[in-house]
Amino acid sequence: MLSRITKLAVCGVLVLTIGVITAAAFTKTVTIKVEGMKCAKCSSSVSKALKATEGVQDAQVSSEKGEAVIKYDDQKLNETKLREVINSTGFKAVEQPGQ
Ligand SMILES: [Cu+2]
C-alpha cells in the first residue's frame, strides 16, 4: 500500500518536472522598449493587445519605464511579431541594436 503511494508520488513529481522543463524550454522573455506611452491607459492597451496574441503568456507593460516585458512561447511567436502587435496599438516598438 505504502509503496504504491510512493510510486504515485514519484510519478507525479517526474511528470511535473518534465512539464516544467518542457514549458521553460519554449518560453522566452523579452524586453521591448515602447515609445509614446504616457499613462496607465496607454500601457494597458498595449498589454491587452499583447495578451490577446496567441502564444503570449504574460505581458508587463510600464508607461513610466517605457517598456514591455513579455513572456511568450518561442514555438508560436517571435520578437518581430511582438513588435508588430505593439506597433498596431499606435505606439512604437523601438529597435534595440545589439540585442
Ligand atoms: Cu495614456
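Modeller: A word on terms to begin with: two strands pair if DSSP finds at least two bridges between them, and helices (H or I, at least four residues) and strands (E, at least two) are DSSP runs, numbered from the N terminus. This is a predicted model, in which local features need pLDDT of at least 70 and side-chain atom pairs count only at pLDDT 80 or more, while totals for chains, interfaces and linings use all residues. Residues are numbered from 1 along each chain as its sequence is written.

Colleague: What about β4, how many bridges join it to β1?

Modeller: There are 2 bridges between β1 and strand β4 (residues 92-93), which run antiparallel, and Glu35 stands opposite Lys92 there.

Colleague: Which residues of β3 are on its covered face?

Modeller: The covered face of strand β3 (residues 67-73) has Ala68, Ile70 and Tyr72, whereas Glu67, Val69, Lys71 and Asp73 are on the uncovered one. In a regular strand the side chains alternate between the two faces of the sheet.

Colleague: Switching to helices: at what angle do α2 and α3 pack?

Modeller: Helix α2 (residues 40-51) and helix α3 (residues 79-88) pack at about 135 degrees, with their axes 9 Å apart; axes are lines fitted to C-alpha atoms, for helices over the stretch in contact, and angles run from 0 to 180 degrees between N-to-C directions. That angle makes α2 oblique to α3, since under 35 degrees counts as roughly parallel, over 145 as roughly antiparallel, 65 to 115 as roughly perpendicular and the rest as oblique.

Colleague: Last one, where is Gly55?

Modeller: Gly55 is in the loop between α2 and β2.

Colleague: How far is Gly55 from Val94?

Modeller: The C-alpha atoms of Gly55 and Val94 are separated by 21 Å, and the two residues are 39 residues apart along the chain.

Technical notes
A residue is buried if 20 or more other C-beta atoms lie within 10 Å of its own, exposed if 12 or fewer, and partly exposed in between; C-beta atoms are placed from the backbone.
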